[in-house]
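Morning, everyone. Please bring up the sequence and the model, and I'll walk you through some side-chain contacts.

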Amino acid sequence: MPYLTSPVLPAGTLSRTPQPTIPTGDGLLLRPWRTEDVPAVHAAFQDPVMHQWHIRTADSEEEVRGWVAEWQQGWARERNVQWAVADAADDRLLGRVALREVVLGDGVAEVAYWTTAAARGRGVAARATEALAHWALDEIGFQRLELTHSVGNEASCRVAGKTGFALEGTKRSALLHADGWHDMHLHARVRGD
């Protein structure tokens with residue numbers, strides 16, 4: 001049975017070209033992951049703040065090497081696309097930004113991010129998220145980007161607000177963290193916002 005609409009983005013929209021490096025225009029680069037990033041990612045996941053808001057921990061650099069390998073393959077699979085957020089001047093890792101749960105046919109994806117402890121409070125997450133949203137919505141043609149965070153994570157809520165992701169509601173008991181079930185805020189930004 002044929003569909004009544006065409007895919008918003010056809011298969012191959014991402015994978016037909018190499019994953020781009022996206023400059024923020026204000027000192028950051030979103031770039032593909034490299035094996036050399038493994039020690040910095042492992043160090044970032046030793047931070048107690050990461051454990052508070054994320055459901056993963058990194059026990060070893062070898063484990064993180066596997067993550068980076070997955071992140072490097074995400075572009076070709078067009079499902080979970082990850083970028084390292086690096087300082088444009090010295091290439092120091094400051095965080096990660098991603099399009100997760102990509103559904104090209106519907107033109108939707110979920111934005112996710114984290115920052116290293118040293119990068120917090122400098123607008124890194126907001127600047128990286130803004131650059132990624134602009135690229136995805138305005139250059140590639142996604143229709144809708146969603147962003148979720150624990151309702152207790154006020155810093156993530158500020159990032160969502162600063163980057164034009166409107167609060168749409170609360171998903172009750174939506175994600176299990178180490179300290180129990182978290183209600184999650186759902187924010188979204190659509191093309192034209």
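This is a predicted model: local features need pLDDT of at least 70, side-chain atom pairs count only at pLDDT 80 or more; totals for chains, interfaces and linings use all residues.

Now, the aromatic rings. The whole structure holds eight aromatic pairs. Take Trp 75 and Trp 83: they sit edge-to-face, 6.1 Å centre to centre, with 75° between the planes. Trp 75 is buried at 7% relative accessibility. Trp 83 is buried too, at 0%. Trp 83 also pairs edge-to-face with Trp 135, at 5.3 Å centre to centre and 75° between the planes. Elsewhere, Trp 33, Phe 45, Trp 67, Trp 71 and Trp 114 make one aromatic cluster.

On to charges. The count is 13 salt bridges. One of them joins Arg 34 and Asp 91, at 2.6 Å from N to O. Both residues lie in loops, 57 residues apart in sequence, so the bridge ties those parts together. Arg 34 is partly exposed at 33%, and Asp 91 is partly exposed at 31%. These two also belong to a salt-bridge network with Arg 31 and Asp 37.

Next, Glu 62 and Arg 65 bridge at 3.3 Å, N to O. They are three residues apart in helix 3, about one helical turn. Glu 62 is exposed, at 55%. Arg 65 is partly exposed, at 35%.

Last, Glu 101 bridges to Arg 79, with the closest N and O atoms 2.9 Å apart. Glu 101 is in strand 4, and Arg 79 is in the loop between helix 3 and strand 3.

Methods
Residues are numbered from 1 along each chain as its sequence is written. Side-chain values use heavy atoms; hydrogens and water are left out. Rings of Phe, Tyr and Trp (its six-membered ring) pair if their centres lie within 6.5 Å; planes under 30 degrees apart count as stacked, over 60 as edge-to-face and the rest as tilted. Buried means under 20% relative accessible area, exposed over 50%, partly exposed in between (1.4 Å probe, protein chains only). A salt bridge is a side-chain nitrogen of Lys or Arg within 4 Å of a carboxyl oxygen of Asp or Glu. Helices (H or I, at least four residues) and strands (E, at least two) are DSSP runs, numbered from the N terminus.
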